[in-house]
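Trainee: I would like to go through this model one point at a time. Please show it, and then I will ask.

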Amino acid sequence: MSVLLYRLGRFAYARPWYVIAGWLAAVSAVVGLLAVNPVKLSNEVRIDGTPAQNVIDDLAKSLPDASGGQGMLVFRAPSGARVDGGDGRTALVAAVDAVYRHDHVIDPRKVLAEELAKGDRSPLLRAQAAVAGGAGQPGGGAPTPLQDDGRPVPGVVVSADGSTALMQFQFDEQTYELPSGTIDSTVQAAERQAERGRLDVLPSASMMEMPEIVGVGEVVGVVVAAIVLLVTLGSVVAAGLPLVIALVGVTLGVGGAFTLSSVFEIHSLTAVLALMLGLAVGIDYALFIVNRQRRLILDSGLDAHEAAGRAIGTAGSAVLFAGSTVVIALTGLLVIGITLLSTMALVAAATIAIVVLLALTLLPALLGLVRERVCSARARRTARQQPAAAHPRATRWGSRLVRHKRSALAAASLVPVVLALPAVGMKLGLPSGASYNPDTAQRQSYEAVNDAFGPGYNGPLMIVARATTAGRPLTPAVLAATAADLRDIKGAASVSLAGLNGSGTTAVLSLVPDDGPNDDGTKTLVGSVRDTSRQLSQQHGVAIGVTGFTALAIDVSDRLADVLPLYVATVLGLSLVVLLLVFRSVVVPVMATLGFLLSIAATFGITTAVFQWGWFQGLFGLEATAPVVSLLPIIVTGVLYGLAMDYQMFLVTSMREARVHGAGPLDATVSGFAQASAVVVAAATIMVSVFAGFIFNAQPMIKQAGFALAAGIVIDAFVIRMTFVPATMALAHERAWWIPAWLDRLLPDLDVEGDKLAQRIPLPVTTASEQPDAARKAEVNG
């Protein structure tokens with residue numbers, strides 16, 4: 001492998017424009033497709049096979065108007081005024097009318113007018129009256145319908161104190177399928193009318209347009225990464241190359257996914273995850289290769305052409321296997337069988353694969369354009385005066401770890417264990433209005449509803465009732481009895497009729513819980529309603545199902561929590577096999593896997609403490625406590641595993657290379673650590689910078705993903721790989737490289753360290769004093 005990649009690197013360096021032209025053609029194709037196919041992203045979290053998703057899919061066939069995306073607007077009067085009196089009522093009625101007249105909003109007034117024309121013959125009105133009559137008279141604190149000319153306005157209720165009105169309505173499509181700008185223009189139509197009565201209009205979290213994929217925080221993260229590159233490589237030219245590789249990689253990977261958004265549903269988190277990984281991994285992989293080339297030039301006196309070939313043959317081999325590990329870890333998400341995660345995994349894996357190909361082909365081609373300028377004159381002078389191979393700081397740290405291996409190992413193990421403790425109380429859920437910062441309309445809307453109507457109105461359950469006998473309509477008496485039984489369930493605040501299909505065989509009831517959407521009481525209520533289904537079927541001949549965003553969030557969290565142990569076990573098994581193949585050792589794979597377990601547990605603990613408990617939120621500009629996003633543990637496990645194995649690969653490969661070349665076990669540990677640690681620290685800093693930039697994204701799901709990945713890299717790179725691993729290697733001593741002879745014969749020789757390349761094409765013996773001459777000759781000869 002190393003010889004093949006060496007030849008590939010030399011070819012790309014010698015004929016750069018052939019390679020660059022090929023990649024430019026690919027970028028042009030993606031950009032062209034994006035120009036003719038507008039990007040269409042989704043915020044929907046769909047988990048096929050869950051009870052709530054099955055109910056809503058069936059409802060889309062029997063009652064399509066009830067299966068579109070839900071909108072919710074809160075109208076709030078000035079202090080001391082009422083929304084249903086004087087100018088406030090006039091403005092509120094006009095705002096509601098503007099929303100119902102807007103494109104893609106279903107107007108229930110048309111249906112109501114048709115039913116009123118039928119009089120006593122209207123099944124819908126008789127059913128509404130029966131369900132409402134069974135509830136008794138509303139209490140003093142209960143909301144009341146908004147009245148217009150003596151008639152209730154459908155979908156709008158006013159709080160008991162008159163300070164707030166809540167409007168719930170349906171779009172004709174799911175929100176992610178709506179044309180761009182539809183949601184914003186709907187809110188603006190309401191605001192234009194509401195301002196006449198000085199009413200505030202607050203959209204709910206479901207009314208949020210697609211968040212920006214790249215904002216100020218993300219740009220700052222890339223700028224920090226550029227500074228780290230400049231400090232590490234010491235040259236503007238060299239530092240710019242990894243950025244080019246990363247940007248081309250995300251253009252092809254994320255842009256390619258965007259071109260398919262009209263065919264396959266692409267979730268916003270899918271795009272963000274691929275963007276984060278593409279930027280971070282693209283910069284890191286190119287950094288490893290460019291750093292190796294520079295070291296070969298400065299330390300061994302090679303010309304840039306030969307150094308580029310050898311860098312691709314050695315560091316490029318490690319990049320290939322490291323990238324393959326990330327791809328395998330991501331595609332391992334396919335075993336879970338959840339379409340959303342599968343799409344996420346495939347897009348991210350494809351982006352990583354593209355980045356690896358760019359690092360092995362486009363990077364040496366760009367080096368062929370840069371030639372000897374990859375090392376500045378200052379770097380060459382420094383190399384002559386103080387050989388870089390010394391790495392004094394890294395050598396001192398490695399030596400201390402070897403001398404105090406037991407205490408270092410204990411500390412590196414204890415820190416993640418302590419950080420992991422909050423994960424015992426981790427709750428999973430999907431973002432709600434409470435997940436946003438207080439200065440956002442989503443959070444203000446959530447709190448206004450909570451204060452004026454009660455927490456349950458932020459997460460009503462949708463109960464779909466069908467007659468157990470096919471084709472038989474649901475009578476008003478049956479619906480009233482069903483609603484009464486639902487009201488009697490502990491945790492149910494109110495039940496009302498929300499819709500009835502034309503044949504009367506399917507009805508939709510709205511059940512408002514006592515508790516909020518992410519509270520344990522609501523989860524218990526959903527389970528109780530489902531347990532009541534058999535009883536209702538026997539007593540009333542009605543089959544019921546529970547759906548709506550709140551029920552769907554509960555089902556998604558339960559499903560993902562169930563499959564997380566399977567996925568973690570799959571990743572750990574993969575870790576042992578891949579590392580066994582690469583390092584031909586029994587101890588190294590076990591050590592790396594244990595280290596990964598410590599880092600992932602600590603990551604879950606920190607994320608729980610910050611987002612769920614609210615600890616240290618001020619440090620990250622956060623002001624909202626919420627459950628950990630259901631998707632996060634599985635996504636973070638897959639991504640962190642791949643990235644952790646990257647650092648394991650580059651660090652331990654350097655140790656094994658020193659051991660293979662004759663160093664003793666302890667010397668090999670110190671020497672390998674000294675050679676690789678600086679670039680691993682730089683790579684980790686770059687990844688943390690890129691991931692941390694996404695903490696400031698407005699979308700809570702993206703915010704948590706950015707934080708968890710940044711925190712995970714800090715723990716894994718600086719605690720596990722830079723302390724736990726060398727201390728364990730020193731403690732294992734010679735046993736670190738032990739492998740049974742029979743197993744050694746069975747395993748293929750992957751030659752990650754480039755031994756075959758070194759044997760076939762030995763390095764020339766060149767002293768540091770000869771380096772300037774070699775560089776000048778190479779520059780002259782081209």
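Trainee: Which residue forms a salt bridge with Asp-555?

Mentor: This is a predicted model, and side-chain atom pairs count only at pLDDT 80 or more. The closest N and O atoms of the pair are 2.8 Å apart, and a salt bridge requires a distance within 4 Å. The partner of Asp-555 is Arg-530.

Trainee: Is Asp-555 buried or exposed?

Mentor: Buried means under 20% relative accessible area. The value for Asp-555 is 6%, whereas Arg-530 is partly exposed at 27%. Asp-555 therefore counts as buried.

Trainee: Which residue forms a salt bridge with Lys-523?

Mentor: The closest N and O atoms of this pair are 3.1 Å apart. Lys-523 lies in helix α19 and its partner in helix α20 (residues 549–583), so the pair ties together parts that are 35 residues apart in sequence. The partner is Asp-558.

Trainee: How many residues apart in sequence are the parts tied together by Lys-427 and Asp-520?

Mentor: The side chains of Lys-427 and Asp-520 meet in a salt bridge, at 3.6 Å from N to O. Lys-427 lies in the loop between α16 (405–420) and β8 (428–429), and Asp-520 lies in helix α19 (residues 520–540). The parts are therefore 93 residues apart.

Trainee: How many salt bridges does a search of the whole structure find?

Mentor: The pairs discussed include Lys-523 with Asp-558 and Asp-555 with Arg-530. The search of the whole structure gives a total of 11.

Trainee: What separation do the C-alpha atoms of Gly-22 and Leu-362 have?

Mentor: Gly-22 is found in helix α2 (residues 16–36), and a relative accessible area of 42% makes Gly-22 partly exposed. Gly-22 and Leu-362 are 340 residues apart along the chain. Their C-alpha atoms are separated by 9.3 Å.

Technical notes
Residues numbered from 1 in each chain as written. Predicted model: local features only at pLDDT ≥ 70, side-chain atom pairs only at ≥ 80, totals over all residues. Heavy atoms only, no water. Helix = DSSP H or I, 4+ residues; strand = E, 2+ residues; numbered from the N terminus. Buried < 20%, exposed > 50% of the residue type's maximum accessible area, 1.4 Å probe, protein only.
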